[in-house]
Amino acid sequence: MLLAVNIGNTNTVLGVFRRDELVWQWRLSTQVERTADEVAVLFAGLLEQEGLSFSREITGVVVSSVVPTMTQALRDMTDRYFNFPAVVVEPGTKTGLPILVDNPREVGADRIVNALAASTRYGCPCIAIDFGTATTFDAVSAKGEFVGGVISPGVQVSNASLSSATARLPQVELHPPRSVIGRNTVESIQSGLIFGTAGEVDELIHRLKAELGESTVVVATGGLAPVVIPHCKGIDHHDPWLTLEGLRLVFERNVGPALDEHSPAAGSSSDDD
């Protein structure tokens, strides 16, 4: 089985695939100081809850990460506990997705993985919107090329920034208020954060479609997506585990399908382009 791990600045999402089926998934807070051994203990505990053996049943590991210290911890954990290398999404990793931007190396691994999964599952052209620490919009052309996107502050980042930069405004629960017109300070902030973000999303979708084409499919993912997308008009699909699906695709394009039991072939690189 394949262990797929996406490490973001705020959350770490992991899932286990049996062939092409995502059978278990978890969302954890990202703790950048965790060592390889601590990560192993944490992951083993989660797998054990589902009756899985950390040491016997995981035959492949694939990682996307925007946190360098955690990337190294995952590499070390895989080498130490599984005796095969992790597939890490980085420059040089095969994705089959042409990256047509000024500097492909600066594009976050999670953005590439989201774009790959969205274009494979829903077709092209498409936009993958990830509601996380940042809200990212990743555009794939009708020819299946990653052509760039948009990055804006995430809802929770805006919430925290508003509170920290003012003397009297609190952080609020990310829950829609009774109406757009807030009747108190908390509701006014909630309106701005949630309805304001939804309006921003719809406007950016409109502008992106003007460049990509009106047939563009829009897919939303990320931990904060359920907070915002009920108030958006332009989102076609909500796919909460889109990034994990993209990681599975990357693994298969670099190694092949994860085996059902440990084998020397698991984790080895393919010579095919």
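## Strands and pairing

Two strands pair if DSSP finds at least two bridges between them. Helices (H or I, at least four residues) and strands (E, at least two) are DSSP runs, numbered from the N terminus. By that rule, β6 and β7 pair in the antiparallel sense, over six bridges.

This is a predicted model: local features need pLDDT of at least 70, and side-chain atom pairs count only at pLDDT 80 or more, while totals for chains, interfaces and linings use all residues. Residues are numbered from 1 along each chain as its sequence is written, and side-chain values use heavy atoms, with hydrogens and water left out.

## The sheet from β1 to β5

Five strands make up an open sheet. Their order is β3-β2-β1-β4-β5, and the pairing is mixed. β3 and β5 stand at the edges. Each has a single partner strand, so one side of each is left without a neighbour in the sheet.

Inside this order, β1 (residues 2-7) runs parallel to β4 (residues 60-65). Six bridges join the two. I7 has S65 of β4 as its bridge partner.

## The sheet from β6 to β10

Another open sheet of five strands has the order β8-β7-β6-β9-β10. Its pairing is mixed too. The edge strands are β8 (146-153) and β10 (237-238), and each pairs on one side only.

How is β6 joined to β7? A hairpin of the two strands runs through two residues. F131 stands opposite T135 in β7. T135 also has a bridge partner in β8, namely S152.

β7 (residues 134-140) pairs with β8 in the antiparallel sense over seven bridges.

Is β7 mostly buried or exposed? Six of its seven residues are buried, so β7 is largely enclosed by the rest of the structure. Buried means under 20% relative accessible area, exposed over 50%, and partly exposed in between (1.4 Å probe, protein chains only).

## Helices

α3 lies across β6, β7, β8, β9 (217-221) and β10. It runs at about 120° to β8. Axes are lines fitted to C-alpha atoms, for helices over the stretch in contact, and angles run from 0 to 180 degrees between N-to-C directions.

Helix α4 (residues 155-164) meets helix α5 (residues 185-212). Their axes come within 10 Å and cross at roughly 150°. The two are therefore roughly antiparallel to each other. Angles under 35 degrees count as roughly parallel, over 145 as roughly antiparallel, 65 to 115 as roughly perpendicular and the rest as oblique. The crossing of α4 past α5 is right-handed. A crossing is left-handed if the near helix is turned anticlockwise from the far one by less than a right angle, and right-handed if clockwise.

Which residues make the contact of α4 with α5? From α4 come V155, S158, N159 and L162. From α5 come I189, L193 and T197. Contact means heavy atoms within 4.5 Å. These residues divide into four nonpolar, three polar and no charged. Ala, Val, Leu, Ile, Met, Phe, Trp, Tyr, Cys and Pro count as nonpolar, Asp, Glu, Lys and Arg as charged, and the others, Gly among them, as polar.

## A buried threonine

T243 lies in helix α7 (residues 242-254). Its relative accessible area is 9%, so T243 is buried. Not counting residues up to four places away in sequence, T243 touches N6, S64, V113, N114, D130 and T221.

## Backbone details in the loops

Where does R19 sit? R19 is in the loop between β2 (11-18) and β3 (21-29). Its phi is near 55°, a positive value in a residue other than glycine. R19 counts as exposed because its relative accessibility is 51%.

N83 also has a positive phi, near 65°, and is not a glycine. N83 is found in the loop between α2 (68-82) and β5 (87-88). At 68% relative accessibility, N83 counts as exposed.

Which peptide bond is cis? The bond from C124 to P125 is cis, with omega near -5°. P125 belongs to the loop between α3 (109-122) and β6 (126-131).
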